[in-house]
Amino acid sequence: MKRVFGDRKTIIILLAPTLVLYIALKVVPVAWSLGLSFFEGNTLRGFTFVGIDNFAKFVQDPAGIQSLWVSIIFAVLATAGQIVFGYLLALLYVFVLRKGSAFIRTAVFFPMVLPTVAVALLFKSFVAVGDNQGPVNDVLNFLGLGSVEFLASTVGTMGVALAMTWWSSMGFYAVLLYTGLLDIPDEVIESARIDGANGIRLVRHIVLPLSLPILISSIIFSFNSTLKVFDSLLALNGGGPGTTTAPLTLYMYRTAFEYAEYGYGSTIALVLTLLCLVFTLAVFRSTSKKSAEA
Amino acid sequence: MTETQTLVGIAPLSRKTSRVPFGRRAARIARRIPVWFVIALLLIVVLYPQVWMVLGSFKTQSEFLSNPTWALPESFDLDNYVQAFTRGNVAVNYRNSLLVTLPSVALIVMLGVAAGYALEVMIWKGRHATLLLILGGIMVPGQMILVPLFTVYFKLGLTNSLWPLIITYTVMGLPLTTFLMATYFRSVPREVFEAATMDGCSPLKQFFVIGLPLMKNAILTIALVQFFSVWNDLLIALTFTSKQDLATIQVGLLSMNDQYGSTQYGPLFAAISINIVALLIVFVFLNKKIMAGMAAGSVKG
């Protein structure tokens, strides 16, 4: 038996293609990129070793710091919205609609599979002003307010980007959290009801603590995807007005591939990686503290 | 403590039962009204932008400019679609997207299921460490490998083809797929494989005869999830696409918007609508698998 499951030839045939590709095109490039972040230059111009100068440069680079803040603010607000809307929808599915929630669940999920670029262009037209004014401004006019050119301001662009992110992903988080809520045994809910817990109290004291694990993994997943926001802010307004809504990913892309600064671009990519790591660890730590208190 | 709460809980219940049946029914309907209101609002928020976009794709330029935005199109002719396909690059974009997505997804799934089997069913020293190494790849953002890969593709002279996209997508999709496949194999009782060994099945044959058929469902689910993540990607497509006739649909949409996003609404609306309608058709048939797969991919990842 052991001989069969330990058959070396089989292991190599099945695993080697994946492992070779993975090491050659992921592990090596990551190490390479780490190394590049200590250099200045590009392939054509050649590289010069600059030590930690790139990191010092980043700390003092107004565009870099700005893009870092854009990423962080976007990620925090996007995650908050995704989780809150997702959780409210999940509660709606489980406690109000019960068995009849399948259609709503599916319909609200659907925008998640649409390409972000298409969604961004949709929202761009949806909030448009001018010749071809979109429905949002029509509603504003109907209410007696003037048209607002959302994409002309930083706050407006971020607002639209957040709205489209929530719109397209709340159904996904709802399904994710819904499966977590279904795992709570009916008897627990029933006995809490009999004990007099209802509505908000039931959610606050029984449902929320019991669904904490799935909530935590959703928050971590949400941070890890929204910190890498790229498509929506690029397609919506090109990181504009100016570069005021350009996230770290877009700044990295432009630095590396439009200005051909490979070294500094790699440094920005490393900052992004560290940022994801910091957020993941922060969520882990805050929750382990909470569960220790409880 | 529990007893007093039980009493409080029962009191309103008994009052309810003493009501006349008609009043109870009316009360129940009244209580449902806010629920229906919330659901109606939810469906409008989710569906209206999509319906509005698809309806808009049938409007002529003068309708866009003179009719209110919520007006229905005057006729359902396909002019905008024809224009998007012939004048824009939409047809080429779609061909490129298919030429990139299908091979990438096929490679990801085939290599991933084999690796998952080797890491979970086969027993050898270092398999846990290997799985951990692959797991680490899920955490690292794609931006970390773009610059080195760009250099390599450039040196190999691949930049004038779709190969950089296929290769990069395959590498990006492999870690999660391998990991998920390993977890799926873990849920299969070991006796299944052991019985096959008793019957004298060779190790490699066992993978094809027992392992693969067991994973049919998992393979379809993961293939769907990977299909959407490759099809909808912009970052990698933008980085490794040097010429317009190599652009995938996402890059094409972006440049189409730059070209005549603010002047020619019809073709742009049509190009976006094709995405919505095509994916809706896929989604209607496979939504259970897609939803389950995406949820599994995120929680475990």
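Where is A:Ala260 found? A:Ala260 sits in the loop between α13 and α14 (262-293) of chain A, with helices (H or I, at least four residues) and strands (E, at least two) taken as DSSP runs and numbered from the N terminus. This is a predicted model, where local features need pLDDT of at least 70, side-chain atom pairs count only at pLDDT 80 or more, and totals for chains, interfaces and linings use all residues. Residues are numbered from 1 along each chain as its sequence is written, while chains are lettered from A and ligands numbered from 1 in the order in which they are written.

- Phi of A:Ala260 is near 50 degrees, a positive value in a residue other than glycine.
- A:Ala260 counts as partly exposed because it has 13 C-beta neighbours inside 10 Å; for this call, a residue is buried if 20 or more other C-beta atoms lie within 10 Å of its own, exposed if 12 or fewer, and partly exposed in between, with C-beta atoms placed from the backbone.
- Going from A:Gly240 to A:Pro241, the peptide bond is cis, with omega near 0 degrees.
- A:Pro241 lies in the loop between α12 (231-237) and α13 (248-258) of chain A.
- As background, most residues other than glycine have a negative phi, and most peptide bonds are trans.

**What UniProt says about chain A**

- An unreviewed UniProt entry puts "domain: ABC transmembrane type-1" at residues 68-283 of chain A; UniProt positions follow the numbering used here, feature names are shortened, and annotations may be inferred rather than shown by experiment.
- In the model, residues 68-283 of chain A are 75% helix and 0% strand, with the end C-alpha atoms 19 Å apart.
- The UniProt annotation "transmembrane region" (unreviewed entry) covers residues 12-32, 68-96, 108-130, 150-181, 202-223 and 262-284 of chain A.
- Residues 12-32 of chain A come out as 100% helix and 0% strand, and their end C-alpha atoms are 26 Å apart.
- Residues 202-223 of chain A are 95% helix and 0% strand, and there the end C-alpha atoms are 28 Å apart.

**Helix packing around α11 of chain A**

- Helix α8 (residues 154-182) of chain A packs with helix α11 (residues 212-226) of chain A at an angle of about 155 degrees, their axes 9 Å apart; axes are lines fitted to C-alpha atoms, for helices over the stretch in contact, and angles run from 0 to 180 degrees between N-to-C directions.
- α8(A) and α11(A) are therefore roughly antiparallel to each other (angles under 35 degrees count as roughly parallel, over 145 as roughly antiparallel, 65 to 115 as roughly perpendicular and the rest as oblique).
- On the α8(A) side, A:Tyr173, A:Leu176, A:Leu177 and A:Gly180 meet A:Ile214, A:Leu215 and A:Ser218 in α11(A), where contact puts two C-beta atoms, placed from the backbone, within 7 Å.
- That contact of α8(A) with α11(A) has five nonpolar, two polar and no charged residues (Ala, Val, Leu, Ile, Met, Phe, Trp, Tyr, Cys and Pro count as nonpolar, Asp, Glu, Lys and Arg as charged, and the others, Gly among them, as polar).
- Helix α4 (residues 62-97) of chain A also meets α11(A): the axes come within 9 Å and cross at roughly 140 degrees.
- That angle makes α4(A) oblique to α11(A).
- Here too the crossing is right-handed, with α4(A) passing α11(A).
- Among the α4(A) residues in this contact are A:Phe74, A:Ala78 and A:Gln82, and the α11(A) side includes A:Ser218 and A:Phe223.
- By class, the contact of α4(A) with α11(A) has six nonpolar, five polar and no charged residues.

**A covered helix and a helix end in chain A**

- Helix α6 (residues 116-126) of chain A is mostly covered, with 11 of its 11 residues buried.
- The buried residues of α6(A) include A:Lys124 and A:Phe126.
- A:Leu182 is found in helix α8 of chain A and counts as partly exposed, with 13 C-beta neighbours inside 10 Å.

**Chain B and its contact with chain A**

- The contact takes 78 residues from chain B and 70 residues from chain A.
- Helix α14 (residues 265-300) of chain B gives the largest share of the chain B side, 15 residues.
- B:Pro267 is in helix α14 of chain B and counts as buried, with 25 C-beta neighbours inside 10 Å.

Note on methods. A crossing is left-handed if the near helix is turned anticlockwise from the far one by less than a right angle, and right-handed if clockwise.
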